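Student: I am new to this structure. Please pick one part, look at it closely, and then show me what else belongs to the picture.

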Amino acid sequence: MSQFPVKSVIGLTGGIACGKSTALKFFMESGIGTISTDDIVARLYRENEELIDAVSSRWNSRDIFEDGKIAKSKIAQIIFNSKAEREWLESIIHPIVRKEWTDIVSKSDKKTQVVEIPLLFEKEMQADFQWVIAVYASIEVRQVRLEQRGLTKEEACLRIKNQLPLEEKVRHADFVFLANSSESFLKRQVHNFVKNFF
């Protein structure tokens, strides 16, 4: 049961490069409250001294800093090549992120919120939400998108492999949005969902 009984709080998840952030943008355009945990993480890397100190102590500064700031891309390079390092970082950062987004939901005057959480199923967070939406795109499409972001084919495959198979997320979700094709198609799915349920 959701911990927010007087609000509709929806989890939005999917695999890397599936179109989650694009779907979240369309929810925002529809007037729904939206929260990106990726954005929260980026802010924490800039502002949270406890987190900055922890990762600086764990890893060599030249391996994670760029222009005096923590670079998410450099962190990703480390954690996607080491399960132990990924689990260590998750143990540090996930409790902080959870507190951040739950505080935002609790304080918001929006009665409906969509929270984008990439590892929602991996961390067994389904009970936090009224519904869970998974955004789906084929592995071929995701690889192309990741390569367009500057990753090599090998790096793209590694990042996809390090997440729970997308088919598992789809199987456990309450709703599935298809994001293999155009953004306009994804936008129609989001707007139809909002129209029918809110």
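Tutor: Start at E85, which is buried, with a relative accessible area of 18%. Buried means under 20% relative accessible area, exposed means over 50%, and partly exposed lies in between (1.4 Å probe, protein chains only). A word on the source: this is a predicted model, where local features need pLDDT of at least 70 and side-chain atom pairs count only at pLDDT 80 or more, while totals for chains, interfaces and linings use all residues. Residues are numbered from 1 along each chain as its sequence is written, and side-chain values use heavy atoms, with hydrogens and water left out.

Back to E85. It forms a salt bridge with R58, and the closest N and O atoms are 3.0 Å apart. This pair links distant parts of the chain: E85 sits in helix α6 (residues 83-107), R58 in helix α3 (residues 49-58), and 27 residues separate them. A salt bridge here is a side-chain nitrogen of Lys or Arg within 4 Å of a carboxyl oxygen of Asp or Glu. Helices (H or I, at least four residues) and strands (E, at least two) are DSSP runs, numbered from the N terminus. R58 is partly exposed, at 38% relative accessible area.

Stay in α6 for another pair. E87 and K83 both lie in this helix, 4 residues apart, about one turn. Their side chains meet in a salt bridge of 4.0 Å, N to O. E87 counts as partly exposed, at 44% relative accessibility. K83 is exposed, with a relative accessible area of 54%. Salt bridges that share partners also join R43, E47 and E100 into one network.

Now widen the view. The structure holds 11 salt bridges. One of them joins the side chains of E183 and K25, at 3.8 Å from N to O. That pair also links distant parts of the chain: E183 is in helix α10, K25 is in helix α1, and they are 158 residues apart. E183 is partly exposed, with a relative accessible area of 46%. K25 is partly exposed too, at 35%.

E183 leads us along α10. Its 15 residues (183-197) should span 21 Å at 1.5 Å a residue, and the end C-alpha atoms are 21 Å apart, which agrees. The expected span is 1.5 Å times one less than the number of residues. Within α10, L186, Q189, V190, F193 and V194 are buried. Seen down the axis, the buried residues of α10 fall within an arc of 130°, so they line one face of the helix. The arc is that of the directions from the helix axis to the C-beta atoms. On the other side of α10, K195 and N196 are exposed. The buried residues pack against β1 (8-14), α1 (20-29), β6 (131-136) and β7 (175-178). Contact means heavy atoms within 4.5 Å.

E116 is found in strand β5 (residues 112-116). E116 is buried yet has no salt bridge, and the nearest side chain of opposite charge, K20, is 4.7 Å away. For charge, Lys and Arg count as positive and Asp and Glu as negative; His and the chain ends are not counted. What does the side chain of E116 make with S36? It makes a polar contact with the side chain of S36, at 3.4 Å. A polar contact is a pair of N or O atoms within 3.5 Å; within protein, one must be able to donate a hydrogen and the other to accept it, and residues adjacent in sequence count only if both atoms are side-chain atoms. Not counting residues up to four places away in sequence, E116 touches L12, K20, S21, L24, I35, S36, T37 and D38.

Strand β1 also holds S8. S8 is buried, at 18% relative accessible area. S8 and Q130 are 122 residues apart in sequence and 6.3 Å apart in space, C-alpha to C-alpha.

A17 lies in the loop between β1 and α1. A17 has a positive phi of about 65° although it is not a glycine, and A17 is buried, at 3% relative accessible area. E124 sits in the loop between β5 and β6. Phi of E124 is near 55°, again positive in a residue other than glycine. E124 counts as exposed, at 66% relative accessibility.
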